[in-house]
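Here's a quick tour of a protein model, one topic at a time. Keep the structure open next to you as you read.

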Amino acid sequence: MSDTKPVRPKRPTFTDQEALQFHSKGRPGKFQIAPTKPMATQRDLSLAYSPGVAVPVKAIAEDPSRAYDYTIKGNLVAVITNGTAILGLGNLGALASKPVMEGKAVLFKRFADVDSIDLEVGTEDVEEFINSVRYLGPSFGGINLEDIKAPECFIIEERLRELMDIPVFHDDQHGTAIIAAAGMINAIYLTGRDIKKTKLVCNGAGAAGIACLDLIKAMGFAPENVTLCDTKGVVYRGRVDGMNQWKSAHAVATDKRTLAEAVAGADIFFGLSAKGALTPEMVKTMAPDPIIFAMANPDPEIAPEDAHAVRPDAIVATGRSDYPNQVNNVLGFPYIFRGALDVRASTINMEMKIAAVHALAQLAREDVPDDVARAYQGARPRFGREYLIPAPFDPRLISVVPSAVARAAMESGVARHPLVDMGAYRAQLSARRDPVAGVMQGIIDRVKRNPKRVVFAEGEEEQVIRAASAYVNQGLGTAILVGREDLIAEVAQRIGVELDDKLIEIHNARISHRNAAYAQMLYERLQRKGLLFRDCQRLINNDRNHYAASMVAAGDADAMVTGVTRNFSSTLEEVSRVIDQKPGHRLIGVSLVLARGRPIIVADTAITEMPEALDLAEIAIEAAGFARRLGYEPRVAMLAFSNFGHPPGHRTLRVKEAVHILDQRHVDFEYDGEMAADVALNKEAMSLYPFCRLTDTANVLIMPAFHAASISTKMLVELGGAMVIGPMLVGLDKSVQIVQLGGKDSEIVNAAALAAFNAEI
């Protein structure tokens, strides 16, 4: 817990013309519908439609729950509005709301992998609207209501919740309430308040204001400590002017009649009203350490700088992205629906909303990963007065919030498909956002069963310290940081990482009790390669890669990870002075490419620049062994620009010869070549060569040269949106992984897990 300097991300600026061009260029709008099954052959069409489609139709008719198994229903949400309250623009009609609803659908997909379709209903009549939506239950797994004015929105949501057996959620109400409540309980925590005694004033009795009060009272606020205000002043018992049943539910017995009177002495102000509603004079009268959530958009009830000018002790949140503590609904609705859909919840109840609140609040208290820091232009936010709410780009949201919501749904009895293994579910969630996480989970699970001691060579670097902490926190083993104790402690304190003495060791190479032994060991290896003992002693004293590699070589650590501060080739050269290739193996670099849901192993992506035929054969054998260790049965394609002799070329001769060498060695995996990449990866293209030995598309690609491997994998990332893990070192006698220069903490943790995994072999 700490206070930090404000993190002020720059507010994006653009012209009206740029906004119009963004929405119109290419395909108009912001998303398209794409098939998830192949449609390339007549057989595909027969399975997708007639006659094959009749089989799931009959199955669903017999058991309606099978719709979740055979259709998109379980991952499909309808975003529905009538356009009567579009953002802060008011009632502009259903059609005008379509750009907003399309945007909502895109956010569902981008943040939680929930498919969504926007539906704009052209009526302001409540009954007509309800009847338009109530019969859509068979089509969707959930209904997200949006931009519907109050009080009609209350009636619509309540009635649809009664009529439908799928979740109905008005995000303008509950989304805002959940995010605001998460920030509020963190502010209460920071200021040492008791929620049962805290006094709150809410200005704004529309959809969001009413939902906020419903939620915070369910969380423990005493009703007598909560005052609601609207444009006519305090909502008090006995008031008749401008009242409705939803306001009346929050009326209190009080002699206060104006917002200014209500705010005096209050601990918290919630603003869901209009610019300027809260004045500096009002802020002056609030309790010590006032908590101000000025959430009116686009301009808050009071600007943070104006609040701080009169009350420097104030904690301020707004709905804007250019101020700290943004109350952003994207932190809520995608993940809440994700959890609800995954347990086939019949509704989204109060227990699920409160679970989301606490999950968000707890996440904000944790050290943020590098992905968040990069979103803030390198300024790393830390929990405190300027960071109460997680950043929208925090990759952990996808696993933290839906799992909390799903658990609450199960515990409250509204889940129709309870989850058995929550740990596996969280891993599945992470894989939705980050395919790398899905691949890594099996490796991490195996390492957890047999934890390893991993030495992090560059132990004074911020991201390395965070990675070491994450490594031990995930139960993967012991982390050893190489560096100066005082500097590591200083950096750890500055970035908010606690160093567990039992699980995180610090080794200062100069004063280590193993210093002399490592120097002697290195001297025995290098004395006939031009190095004197004093040269080896200097390397052990001053170069952390030599020291860390010596630890692994001597058996004082199981594995090593490095590369953050030096380029790959230089780092490998230093490690190779200490650690040899494994006998009978070849040192190669392997990259795991994840593209369109397919994992493909590519080699050699790091070591041999222009391999000859024997080199290619050995690379194929090593890569196939690596594939098996990851759990894939290798199907190896020896790539070239030609397909089985056409067109002929001098460079393809090495690839052909490599295939002959594999024939002679009688290897126990599928392989063939030479072939082009499209033939290796496309079943239809491969079928033109019926003599091809591969039984299916290749999952291991052996590149004809290092440059081809490097160029192709990087193009896949930049142009194809692929994810790449690697290059990973395979074939060393001891387990070492080298990350890319400047690697993020998540990449370092993955490398450490891979190093620990390989240490078992």
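**Helices that cross**

Helix 26 goes past helix 27 in a right-handed crossing. Keep in mind that this is a predicted model.

- Helix 26 covers residues 613-629 and helix 27 covers residues 652-665; their axes come within 8 Å and cross at roughly 55°. Since angles from 65 to 115 degrees count as roughly perpendicular and those under 35 as roughly parallel, this one makes helix 26 oblique to helix 27.
- On the helix 26 side, the contact is made by Ala613, Leu614, Leu616, Ala617, Glu618, Ala620 and Ile621. Helix 27 brings Arg654, Val655, Glu657, Ala658, Ile661, Leu662 and Arg665.
- Now try another pair: helix 5 (residues 98-112) packs with helix 14 at an angle of about 65°, and their axes are 9 Å apart. Helix 5 and helix 14 are therefore roughly perpendicular to each other.
- The crossing of helix 5 past helix 14 is right-handed.
- Who meets whom here? Lys104, Leu107, Phe108, Phe111 and Ala112 come from helix 5, and they meet Phe333, Pro334, Tyr335, Phe337 and Arg338 from helix 14.

**A closer look at helix 14**

- How many of the residues in helix 14 (residues 333-342) are buried? The count is 10 of 10, so call this helix mostly covered, with "buried" meaning under 20% relative accessible area.
- The buried residues include Phe333, Tyr335, Phe337 and Leu341, and also Arg338 and Asp342.
- Just after helix 14 you'll find arginine 344, which takes a positive phi of about 50°.

**The nonpolar cores**

- The largest nonpolar core has 101 residues, and Ile143, Leu200 and Phe270 touch the most other members. Helix 8 (residues 171-190) gives the most to this core, with 11 residues.
- There is another core apart from that one, made of 67 residues, and its members include Tyr471, Val472, Ala617 and Ala623.
- Zoom in on isoleucine 143: leaving out neighbours within four places in sequence, its contacts are Ala78, Ile80, Val133, Met164, Ile166, Pro167, Val168, Phe169 and Phe337.

- Where is arginine 193? Look in the loop between helix 8 and strand 5 (200-203).
- Is arginine 193 buried or exposed? Its relative accessibility is 18%, so arginine 193 counts as buried, given that the cut-off is under 20%.
- A polar atom of the arginine 193 side chain lies 2.9 Å from the backbone oxygen of aspartate 289.
- Not counting residues up to four places away in sequence, arginine 193 touches Ile188, Thr198, Asp267, Ala287, Pro288, Asp289, Pro290 and Ile291.
- Valine 234 lies in strand 7 (residues 233-234). With a relative accessible area of 1%, valine 234 is buried.
- Valine 234 and leucine 259 are 25 residues apart in sequence, and their C-alpha atoms are 6.4 Å apart in space.
- Setting aside neighbours within four places in sequence, the contacts of valine 234 are Thr227, Leu228, Cys229, Arg239, Thr254, Lys256, Arg257, Thr258 and Ala262.

**Backbone spots worth a visit**

- The peptide bond that runs from asparagine 297 to proline 298 is cis, with omega near 5°. Proline 298 is in the loop between strand 9 (291-294) and helix 13 (304-310).
- Another cis peptide bond goes from alanine 603 to aspartate 604, with omega near -5°. You'll find aspartate 604 in the loop between strand 16 (598-603) and helix 26.
- Aspartate 147 isn't a glycine, yet it has a positive phi of about 55°. Its place is in the loop between strand 3 (142-145) and helix 7 (152-163). With a relative accessible area of 2%, aspartate 147 is buried.
- Phenylalanine 644 is another residue other than glycine with a positive phi, this time near 50°. Look for phenylalanine 644 in the loop between strand 17 (635-639) and helix 27.

Technical notes: Residues are numbered from 1 along each chain as its sequence is written. This is a predicted model: local features need pLDDT of at least 70, side-chain atom pairs count only at pLDDT 80 or more; totals for chains, interfaces and linings use all residues. Side-chain values use heavy atoms; hydrogens and water are left out. A nonpolar core is a set of buried Ala, Val, Leu, Ile, Met, Phe, Trp, Tyr and Cys residues joined through side-chain atoms within 4.5 Å. Buried means under 20% relative accessible area, exposed over 50%, partly exposed in between (1.4 Å probe, protein chains only). Helices (H or I, at least four residues) and strands (E, at least two) are DSSP runs, numbered from the N terminus. Contact means heavy atoms within 4.5 Å. A polar contact is a pair of N or O atoms within 3.5 Å; within protein, one must be able to donate a hydrogen and the other to accept it, and residues adjacent in sequence count only if both atoms are side-chain atoms. Axes are lines fitted to C-alpha atoms, for helices over the stretch in contact, and angles run from 0 to 180 degrees between N-to-C directions. Angles under 35 degrees count as roughly parallel, over 145 as roughly antiparallel, 65 to 115 as roughly perpendicular and the rest as oblique. A crossing is left-handed if the near helix is turned anticlockwise from the far one by less than a right angle, and right-handed if clockwise.
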